[in-house]
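Open the model in your viewer and get the selection tool ready.

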Amino acid sequence: MAVFEYEFMQRAFWAGGLIGVIAPILGVYLMLRRQVLMADTLSHVSLAGVALGSVMNLNPVICGFAIAILGALLVEQLRRSYRTYSEVPVAIIMTSGLALAVVLMSLKTNLSKTFSSYLFGSIVAVSDMQLWMMAGVCITGLLFFILLRRPLYNFTFDEETASIGGIQVRGLSFAFAILTGMTVASAMPIVGVLLVSALIVLPAALALRVSRSFTAAIIVAVITGLIGIFSGLTTSYHLNTPPGGTIALILLVILLTGISAQKLIARYNRKRHRKETKSQHVILVNHSRRNTSHEIQ
């Protein structure tokens, strides 16, 4: 394909493949923990880190990565302070990160083009350093989810029961928050700050809707994420559209198609079940009539 003739497209597809594996898995856990807004929050915090790095003449990528991890830890700490109102920490950190990003961006007037790629994603924005960073995040995330599969499963569905069972809930919760921050920060060059949550949430939303087991949900989420990313990058290249928005729209179409197909299948199964029940009823009635007639004779 002509798409792969260019080195920047090769990097974009490698980056998309790496993020497409780890982000949907993270999304399944975030949805089950009812923390879907965590991705949006940390993306705004990461943007503030990028702005801070630009203003202070530091590496924006590394600075955004570090600030996203710090923001994840702050959200987790505040979540323990507001146990009854779990959405409060997310609102506090999101608004603070966005406000800091706006203020820092105003301090440097030549950042508009750079920040456009961070806001909406850019195919050519993925550097070699970012690609290696994504590879590190993907490997770290896979090891985290594989090695801690059982504790994470118990911790996701019921923290109190997991704590009683001897699981170090506090440490595991902070480790999960750090991984979330790392994943969000590394996904920004592909889908952008404004749509990073779509890459994490939409594949997981479809997977949890159509899957019958936890393992199946993970597999469906990853496959959906990879299809959405690869088709989105290809479409973005040919139509010259922002990759973040293109990927998000394709994932949305996949989600709506999957939900519609599931409803049609369920409706067909119900009709088939009614027909089978009716047929069985007719057979029983006829059988009963034959028995009655035989007894009379």
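**Stop one: a loop**

Select Asn240, which sits in the loop between H11 and H12. Helices here are DSSP runs (H or I, at least four residues), numbered from the N terminus. This is a predicted model: local features need pLDDT of at least 70, side-chain atom pairs count only at pLDDT 80 or more, and totals for chains, interfaces and linings use all residues. Residues are numbered from 1 along each chain as its sequence is written, and side-chain values use heavy atoms, with hydrogens and water left out.

Asn240 is not a glycine, yet its phi is positive, about 55 degrees. Most residues other than glycine have a negative phi. Is Asn240 buried or exposed? Asn240 is exposed, with a relative accessible area of 73%. The classes are buried (under 20% relative accessible area), exposed (over 50%) and partly exposed in between, with a 1.4 Å probe and protein chains only.

**Stop two: another loop**

Now pick Arg34, in the loop between H1 and helix H2 (37–55). Its phi is positive too, near 60 degrees. Arg34 counts as exposed, at 74% relative accessibility.

**Stop three: aromatic rings**

Rings of Phe, Tyr and Trp (its six-membered ring) pair if their centres lie within 6.5 Å; planes under 30 degrees apart count as stacked, over 60 as edge-to-face and the rest as tilted. The count comes to six aromatic pairs. Select Tyr29 and Phe214: they form an edge-to-face pair, 5.4 Å centre to centre, with 75 degrees between the planes. Tyr29 lies in helix H1 (residues 7–32) and Phe214 in helix H11 (residues 214–239), 185 residues apart. Both are buried.

How values were computed: Helices (H or I, at least four residues) and strands (E, at least two) are DSSP runs, numbered from the N terminus.
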